[in-house]
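Please keep the sequence and the model in view while going through the numbered points.

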Amino acid sequence: MGLAATRTTLRPVDGLTLARVSGAGDVNGDGLADFLVGDPNARLGGNSHGAVQVYHGRAIGTWGSAETTVFGDYASGFGTALAGLGDVNGDGYEDILGAGPGRLRVHHGSPFGIRVISDRTIDERGWAASYTGDVNRDGFADAATGGFNGQAFLHVSLGAAGLSASPSVTFTGSVTDYFGYSVASLNRFHWRFPVVVPAPGSERLPWLGS
């Protein structure tokens with residue numbers, strides 16, 4: 001069928017310029033795909049906090065305001081990176097990750113959508129994030145993050161507890177090549193789940209899973 005000709009204008013929160021967009025998966029389990037928008041400069045009470053907004057999929061109609069808005073800490077740049085993670089805790093609802101330069105936060109899905117209070121905090125430079133699939137084949141989704149400091153990380157799920165706060169694998173490259181500035185997964189490629197960490201002068205393709 002292709003894309004519909006109808007255009008929808010989203011209504012952002014105060015200061016939000018909709019600078020980032022990502023698929024979220026199905027965070028409320030209604031069978032429709034949801035999506036995220038975010039901006040590290042979004043304001044709360046006149047101050048810059050950064051925010052991630054969650055929009056639920058709709059079978060008919062158009063979008064207006066977000067179903068859920070999650071703000072970061074003061075001057076945290078929250079929303080610099082965002083990603084749908086899949087179901088990292090095995091409860092049947094897909095989860096998301098929002099990040100700023102100094103911290104990443106995992107928010108689990110539920111029948112009502114994303115939980116506003118974070119379920120996991122990861123103290124890393126959150127410049128990039130990506131869904132990776134189930135790299136260790138334990139039945140739970142995992143995630144990759146990039147630090148813009150010459151490093152990228154793989155975080156595996158701990159089962160019902162969700163994503164691990166400590167990385168299981170650390171990839172190290174060149175800071176001058178901006179290694180870790182972005183990360184991406186190729187999903188199931190040759191029956192494995194590789195994570196790509198590009199840099200301007202090189203491209204590393206570590207194989208994760210078997």
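1. Does Asp 30 count as buried, partly exposed or exposed, and what is its relative accessibility? At 37% relative accessibility, Asp 30 counts as partly exposed. The classes are defined with a 1.4 Å probe on protein chains only: buried is under 20% relative accessible area, exposed is over 50%, and partly exposed lies in between. Asp 30 belongs to the loop between strand E1 (20–25) and E2. Its C-alpha atom is separated by 9.7 Å from that of Gly 113, although the two residues are 83 residues apart along the chain.

2. On the basis of the note: this is a predicted model, in which local features need pLDDT of at least 70 and side-chain atom pairs count only at pLDDT 80 or more, while totals for chains, interfaces and linings use all residues. Residues are numbered from 1 along each chain as its sequence is written, and side-chain values use heavy atoms, with hydrogens and water left out.

3. On the overall content: the protein chain has 0 helices and 17 strands. Helices (H or I, at least four residues) and strands (E, at least two) are DSSP runs, numbered from the N terminus. Of the 210 residues in the protein chain, 46% are buried. Among contacts between residues at least 6 apart in sequence, 43% join residues at least 24 apart; a contact means heavy atoms within 4.5 Å.

4. On the sheet that contains E1: 4 strands form an open sheet in the order E1-E2-E5-E6, with antiparallel pairing. Two strands pair if DSSP finds at least two bridges between them. The edge strands, E1 and strand E6 (68–71), each pair on one side only. The twist from one strand to the next averages 20°, where axes are lines fitted to C-alpha atoms (for helices over the stretch in contact) and angles run from 0 to 180 degrees between N-to-C directions. E1 and E2 run antiparallel and are joined by 5 bridges, and Gly 25 stands opposite Asp 34 in E2.

5. On aromatic rings: how many aromatic pairs does a search of the whole structure find? The search finds 1 aromatic pair. The rings of Phe 35 and Tyr 55 have centres 5.0 Å apart and planes at 5°, so the pair is stacked. The rule is that rings of Phe, Tyr and Trp (its six-membered ring) pair if their centres lie within 6.5 Å; planes under 30 degrees apart count as stacked, over 60 as edge-to-face, and the rest as tilted. Phe 35 is in strand E2 (residues 34–39) and Tyr 55 in strand E5 (residues 51–55), so that the pair, 20 residues apart, links distant parts of the chain. Tyr 55 counts as buried, at 0% relative accessibility.

6. On a charge and a ring: the charged end of Arg 105 sits over the ring of Phe 78, 4.6 Å from its centre. This description requires NZ of Lys or CZ of Arg within 6 Å of the ring centre and within 35 degrees of the ring normal.

7. On the nonpolar cores: the largest has 13 residues, and those with the most contacts inside it are Leu 85, Leu 97, Val 106 and Leu 163. E7, E8 and strand E9 (103–107) each supply at least two residues of this core, and E7 gives the most, with 3 residues. A second, separate core of 10 residues includes Val 27, Val 52, Leu 82 and Ile 96. A nonpolar core is a set of buried Ala, Val, Leu, Ile, Met, Phe, Trp, Tyr and Cys residues joined through side-chain atoms within 4.5 Å.

8. E7 pairs with strand E8 (residues 95–100) in the antiparallel sense over 5 bridges, and Ala 83 stands opposite Leu 97 in E8. Not counting residues up to four places away in sequence, the residues that Leu 97 touches include Ala 81, Leu 85, Val 106 and Thr 145.

9. On Ser 130: this residue lies in strand E11 and is buried, with a relative accessible area of 9%. Leaving aside neighbours within four places in sequence, Ser 130 is in contact with residues including Ala 83, Ala 143 and Val 183.
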